[in-house]
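Thanks for coming. I will go through one model today, starting with a term and then moving from single residues to the chains.

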Amino acid sequence: MNAPEWPGPLNENPTLARWVSFPASGKVAVNTGRVEIGQGVLTAMAQIAADELDVAMSRIELHSGDTELTPNEGYTAGSQSMQFGGVAMRQACADVRALFLDQAAKVIGCPASELSIRDGSVLRKGAATGQDYWRLAAAVDLNMKATGTGKLKALGQMQHIGESAARLDLPDKVFGHSIFIHDMQLPGMVHARVVRQLNRGATIGAIDEEAIKRAAKAPVEFVRNGNFLAIVGGDETAVDLAAAAALNAVSWQNVEAPTALQAEASSLQQQPYVDRAFGAPEAGEPQGRQRFEATYSRGYLAHASISPSCGLAEYRDGHLTVWTHCQGVFPLRSALAKALGLDVAKISVHHVQGSGCYGHNGADDAAADAAIIAMRMPGKPIRVRWRREEEFVYEPKTPAMIVKVRALLDEVGKPTDWTQEIWSPTHSKRPGAGGVLLGAVALPNPMPEPPPNDVPEASGGGATRNGEPLYDIGAKRILHHLITDAPVRTSALRSLGAMPNVFAAECCVDELAARAGQDPVAYRLSMISDKRACAVIETVAAMAKWNPKEPGGTGTGRGIAFARYKNKAAYSAVVVELAVDLEIRLRHVWCATDAGLVVNPDGAINQLEGGIIQSASWVLKEQVRFDHGIASFDWETYPVLKFSEVPEIDIELLNTKDEVPLGVGEATAGPTAAAIGNAVSHALGARIRDLPFTRERIMASLLQA
Amino acid sequence: MPNFDFFVNGRRVSVSLDNEETPLLNVLRNELGLVGTRFGCGLEQCGCCMVLIDGKPEKCCAKPVWSVAGKRVVTVEGLGTPEHPHPLQTAFLDEQAGQCGYCLSGILISAKALLDKNPSPTRAEIAAALDDNICRCGSHNRIIRAVEKAAVQTRAGA
């Protein structure tokens with residue numbers, strides 16, 4: 001007999017006590033391996049647990065991302081928290097509820113079918129029984145495996161799922177309470193800054209300790225292990241001043257720095273790569289067929305989290321405790337164990353909220369920095385907070401990409417064969433998944449760089465993510481040239497390769513529609529049979545009052561684009577209206593999204609809005625510049641979209657009462673970028689295929705038009 | 001050790017520091033335990049550390065503590081409490097105006113400074129007043145709506 005099909009995280013963490021327990025009278029401890037990175041996941045988890053356990057939200061005490069308490073759900077990434085983690089949580093809670101109903105039936109002496117639960121109390125045919133979770137808890141052993149047989153609530157029975165519950169963490173943030181990792185104060189804590197190794201293999205030459213100490217104006221000490229150098233002291237201002245002075249007072253040898261030219265996507269084609277191919281086999285081009293080919297690109301991007309990373313660690317009595325805002329406490333624990341030569345059982349990692357991360361930023365590395373220092377200073381809690389410039393320079397960048405689309409067309413101008421040829425470095429250098437911890441690379445005998453790989457296709461791919469459009473095209477294939485020696489460390493940023501791939505494909509679809517003399521909306525609808533895809537496209541066109549006859553080349557324009565994230569998460573279609581003169585002013589964005597069952601509609605809309613604005617910022621403003629090193633090191637050299645530049649946004653959610661939730665956090669990244677691209681083309685009567693849309697590129701396209 | 005006296009949220013404080021250049025932000029967070037004012041850049045660029053100094057919104061991550069001697073500083077903790085929230089705080093919760101929330105303390109201060117000066121700002125005026133604050137999660141429209149709402153409520157209550 002096959003094992004029952006449970007949601008993935010429940011398979012990997014089958015013990016129910018890992019998910020739910022009833023510690024004190026009246027409270028329910030709910031543990032999730034997912035972590036809050038600004039997306040509201042904890043509120044959604046509380047809603048799920050409240051519904052499936054039949055308790056009030058206020059009874060729930062959430063624990064998240066804690067190696068000592070919670071299930072191991074890997075990384076909180078890929079818009080999978082609801083689609084997988086939430087579904088697992090639902091089932092775990094339903095199983096727990098069923099076990100308690102069985103026990104209550106035994107105690108009361110009636111069939112379980114006569115019983116129900118209201119806010120934790122057991123009712124028999126609606127009447128109180130005197131039993132509740134907490135009275136029954138001693139007799140129900142949750143240290144058993146999930147059965148997957150607990151019946152989930154039907155749509156009509158849910159009180160919390162599907163409602164826009166207020167974010168549980170927002171009050172602390174609005175009243176300025178201590179909630180972020182940066183706010184933690186441990187008794188005896190000292191502050192530390194790392195004098196960063198400039199690159200793998202760089203070695204410390206001379207250290208002018210006196211100059212650094214003079215600059216600090218208060219006592220600081222040095223912690224050194226190989227080429228890992230840190231400055232530690234009781235006064236945060238002093239370590240900051242010392243760290244700034246160390247930039248000049250420490251000399252480095254074996255320095256390598258990326259050149260200005262390497263910041264451009266066009267440089268990727270000169271770098272070594274390995275080839276990967278997916279989808280339909282390569283076919284020869286039949287004679288006489290029309291073909292269309294266009295090349296699109298994007299530069300390197302920074303996560304640019306609003307706060308630089310922070311990590312705390314304490315090594316006491318042979319045990320290392322780490323506090324971090326990273327996306328995966330269990331993978332970080334494994335990576336720390338390897339880097340420090342400790343048994344994982346001797347390491348605990350606790351998640352504490354940081355600022356929004358949008359992917360693999362400096363969080364893991366800051367935690368490792370604190371751990372490395374803590375190992376050298378047993379008994380002292382160490383707080384490392386990266387400097388702003390340190391975050392910009394040393395956080396992993398999301399890769400520059402080139403996407404060349406080649407389409408063979410039929411007699412009415414529709415594609416029958418579609419190739420996306422991609423040049424891109426890896427989208428995952430997460431510790432334990434193809435990467436190493438930055439501080440550990442500076443230690444003596446560092447681990448070698450793992451061989452190049454990318455996110456597996458089963459997880460949605462990295463550079464190949466959304467490399468196949470969802471349209472009904474006879475043959476679709478992806479050719480990925482995986483750049484093996486990128487000039488900077490690259491890793492995951494919100495939507496990974498989906499943004500450049502959808503930008504390329506959906507701009508190309510507009511170019512094909514124009515060649516075929518068709519309206520972009522009608523052209524798309526004629527090529528896609530997936531009804532949910534059609535519905536979001538039709539809905540967004542209606543929302544925006546799409547008019548196929550709107551003339552182009554007038555300086556104002558509209559564009560549409562569509563994608564289903566990873567071809568298996570949420571469907572999203574976006575229309576953008578904008579004006580272009582020397583720069584682009586976004587006026588309005590409309591978005592229709594089908595994310596299936598939505599646990600918290602306002603939370604999902606908040607995520608979609610955020611995705612639209614962030615993508616708009618990438619498209620209009622963002623590229624990491626190099627110039628003998630990373631030249632984008634603060635908010636002036638890496639500007640992002642400002643309040644006065646943000647368009648009005650309208651969002652509609654479709655199909656929210658479907659059975660299955662689909663990940664939503666990254667769904668708008670690609671469609672927004674492409675819709676801006678198409679709107680700019682409509683406004684200018686000329687196509688810009690390279691991101692970001694700088695003033696120079698706008699000028700150049702006008703000269704061509 | 002030099003001594004610095006000033007007012008924080010209406011309370012007189014006195015701090016003794018070796019380094020009179022210590023940024024006000026570090027004094028608030030590390031000496032006075034007021035962690036609501038957040039560190040974002042230390043470069044006076046992002047606005048996470050916005051406070052009111054004698055009624056004017058100012059970034060305090062690089063502002064030496066000596067420069068506020070005798071002045072009146074208001075931080076996000078001084079706006080209101082869960083029991084007695086400022087209309088802006090109520091409106092931010094009503095509009096669910098935030099995602100990670102790291103930028104909100106500074107934004108609330110900038111918004112307070114705006115409403116003190118201009119009780120009926122337009123959307124464009126609100127956006128312009130917040131251009132000194134960076135929000136990376138993309139909560140901008142909710143934040144602007146919340147400020148509009150707080151303005152309406154403040155006028156109604158005035």
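A residue counts as buried if 20 or more other C-beta atoms lie within 10 Å of its own, as exposed if 12 or fewer do, and as partly exposed in between. What you see is a predicted model.

Take Asn567(A) with that in mind. Asn567(A) has 17 other C-beta atoms within 10 Å, so it is partly exposed. Asn567(A) sits in the loop between β23 (556-564) and β24 (571-580) of chain A. Its phi is near 60°, which is positive although the residue is not glycine. Most residues other than glycine have a negative phi, and most peptide bonds are trans.

Is Asn466(A) buried or exposed? Asn466(A) is buried, because 30 other C-beta atoms lie within 10 Å. Asn466(A) also has a positive phi, near 55°. The loop that holds Asn466(A) runs between α11 (438-441) and β22 (475-483) of chain A.

On to a peptide bond. Leu691(A) and Pro692(A) are joined by a cis peptide bond, with omega about -5°. Pro692(A) is in the loop between α16 (669-684) and α17 (695-704) of chain A.

Next, chain A as a whole. Chain A contains 17 helices and 26 strands. Its radius of gyration is 27 Å, close to the 27 Å that the globule rule gives for 705 residues, so chain A is as compact as a globular protein of that length. Along the principal axes, the C-alpha atoms of chain A fill a box of roughly 80 × 75 × 50 Å. Of the 705 residues, 56% count as buried. Among contacts in chain A with a separation of 6 or more, 80% come from residues 24 or more positions apart.

Where does chain A touch chain B? There are 46 residues of chain A in contact with 46 residues of chain B. On the chain A side, the elements giving two or more residues are α5 (170-174), α7 (236-249), α15 (601-621) and β26 (648-654). The largest share, eight residues, is from α15(A). By type, the chain A side has 16 nonpolar, 16 polar and 14 charged residues.

Last, a helix pair in chain B. The axes of α3 (residues 104-117) and α5 (residues 140-157) of chain B come within 11 Å and cross at roughly 40°. That angle is why α3(B) counts as oblique to α5(B). The crossing is right-handed. From α3(B), Ile107(B), Ala111(B) and Leu115(B) meet residues of α5(B) including Ile143(B), Val147(B) and Thr154(B). The residues of this contact are seven nonpolar, one polar and no charged.

Note on methods. Residues numbered from 1 in each chain as written. Chains lettered and ligands numbered in written order. Predicted model: local features only at pLDDT ≥ 70, side-chain atom pairs only at ≥ 80, totals over all residues. Contact = placed C-beta atoms within 7 Å. Helix = DSSP H or I, 4+ residues; strand = E, 2+ residues; numbered from the N terminus. Nonpolar A, V, L, I, M, F, W, Y, C, P; charged D, E, K, R; others polar. Axes fitted to C-alpha atoms, helices over the stretch in contact; angles between N-to-C directions. Parallel < 35°, antiparallel > 145°, perpendicular 65-115°, else oblique. Left-handed = near helix turned anticlockwise from the far one by under 90°. Rg over C-alpha atoms; globule rule 2.2 N^0.38 Å.
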